[in-house]
Amino acid sequence: MRRHRPVVEVPDVVGLGADDACAIVRRAGLVPAGPEGMPAPEDGVVVAQAPIGAAGAEEGATVVLITQHGRRPADDPLTPPPTEEADTLQPA
C-alpha cells in the first residue's frame with residue numbers, strides 16, 4: 001500500500017534568479033530541477049515553472065524550472081516619467 005505524502009503549495013518563483021528560486025522551492029519541501037531531467041538551474045532568470053505557483057504538490061515532488069539568461073526586470077533601469085513641462089509645451 002502506497003503511503004501519501006502531505007500536499008504543499010508550490011511557490012511562484014517566475015521572475016526570480018535561479019539560485020533564489022531553487023532555495024525557495026527547497027524550503028517548501030519540493031525538489032527543483034531543470035527541464036527534461038536536467039539538474040536544477042544555477043543561473044539565469046526563471047521564465048516558467050511546472051507545476052505553476054499556488055498549485056498543490058506532494059511533498060518531495062519535482063518542480064521544473066525553466067530559465068533564460070539575462071537581467072531580471074528589477075535590474076533594468078527605470079525610464080523616468082515625463083515632466084510636467086514637457087506636457088505643457090506648445091509648438092511655436
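Okay, strands first: here a strand is a DSSP run of E with at least two residues, and strands are numbered from the N terminus. What we're looking at is a predicted model, so local features need pLDDT of at least 70, side-chain atom pairs count only at pLDDT 80 or more, and totals for chains, interfaces and linings use all residues. Residues are numbered from 1 along each chain as its sequence is written, and side-chain values use heavy atoms, with hydrogens and water left out.

Now the sheet. Two strands pair if DSSP finds at least two bridges between them. Three strands make an open sheet here, ordered β2-β5-β3, with mixed pairing. β2 and β3 are the edge strands, each pairing on one side only. From one strand to the next, the twist averages 35 degrees; that comes from axes, meaning lines fitted to C-alpha atoms, with angles from 0 to 180 degrees between N-to-C directions. β2 runs parallel to β5 (residues 62-68), and three bridges join them. Val31, for instance, has Thr62 in β5 as its bridge partner.

On to the loops. Most residues other than glycine have a negative phi, and most peptide bonds are trans. So where do we find Ala54? Ala54 sits in the loop between β3 and β4, and its phi is positive, about 80 degrees, although it is not a glycine. Ala54 is also exposed, with a relative accessible area of 57%; exposed means over 50% relative accessible area, with a 1.4 Å probe and protein chains only.

Pro51 is in the loop between β3 (45-50) and β4 (56-58), and the peptide bond from Ala50 to Pro51 is cis, with omega near 0 degrees.

Note on methods: Helix = DSSP H or I, 4+ residues; strand = E, 2+ residues; numbered from the N terminus. Buried < 20%, exposed > 50% of the residue type's maximum accessible area, 1.4 Å probe, protein only.
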